[in-house]
Amino acid sequence: MSTSIQSNPGSGTTAAPGKPIGELVFALLIVSIGVVGFVAGAGIQTPTSASDIGPRAFPFAVSALLVAVGAGLVIQVLRGHRGSADEGEDVDLDAKTDWLTVGKLAGFVLLHAFLIVPLGWPLAAAILFFGAAWSLGARPWWRNLVTAIVLALVLQFVFGGLLGVSLPPGFLEGLGVFGG
């Protein structure tokens, strides 16, 4: 296989040089996520009173789409179709990864996972949303805090109160509109 730059017909751009290992890994990752979705969906308990479409239908549909798209990507990559090289004006290819920001974001996601049970989902989510905005440099801090609290409460109301998803309400347990 040649490492020369290949043109994509009709696009006017060039494909990334080298072996398509990254693209193949991405495609196989999509397939594996779909397979995991099928396995997890098969473990969903279906009540005997369920009619035609039970709780497994949506996970199976999403998993089938993931497997189909991933398999299509694998076939395309193996046939030599490659993604075009990034030529965006706003992308600095020489810029280094900001590992401090990545670490902050990962830390807030882990903190969120540990705070859900003791504090409840809305407060843990508000901390996550505020921490993500702060990590990414959003200003002013007070607007980020208000937005994080409102977003967490709206999500708790929609998912816990209206859709009946089991999210621990924490300090909102006494208020029936937030579910739990």
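## A charge over a ring

In this predicted model, the charged end of K104 sits over the ring of W134, 4.3 Å from its centre, where sitting over a ring requires NZ of Lys or CZ of Arg within 6 Å of the ring centre and within 35 degrees of the ring normal. W134 is partly exposed, with a relative accessible area of 41% (buried means under 20%, exposed over 50%, partly exposed in between, with a 1.4 Å probe and protein chains only).

## Aromatic pairs

The count comes to two aromatic pairs, that is, rings of Phe, Tyr and Trp (its six-membered ring) whose centres lie within 6.5 Å, with planes under 30 degrees apart called stacked, over 60 edge-to-face and the rest tilted. F38 and F60 form a tilted pair, 5.7 Å centre to centre with 45 degrees between the planes.

F108 and W134 form an edge-to-face pair, 6.2 Å centre to centre with 80 degrees between the planes. F108 lies in helix α3 (residues 99–119) and W134 in helix α4 (residues 121–135), so this pair ties together parts 26 residues apart in sequence; helices (H or I, at least four residues) are DSSP runs, numbered from the N terminus.

## Helices α4 and α5

The axes of α4 and helix α5 (residues 141–162) come within 8 Å and cross at roughly 140 degrees, axes being lines fitted to C-alpha atoms over the stretch in contact, with angles from 0 to 180 degrees between N-to-C directions.

## Basis

Residues are numbered from 1 along each chain as its sequence is written. Local features need pLDDT of at least 70, side-chain atom pairs count only at pLDDT 80 or more, and totals for chains, interfaces and linings use all residues, while side-chain values use heavy atoms, leaving out hydrogens and water.

Technical notes: Helices (H or I, at least four residues) and strands (E, at least two) are DSSP runs, numbered from the N terminus.
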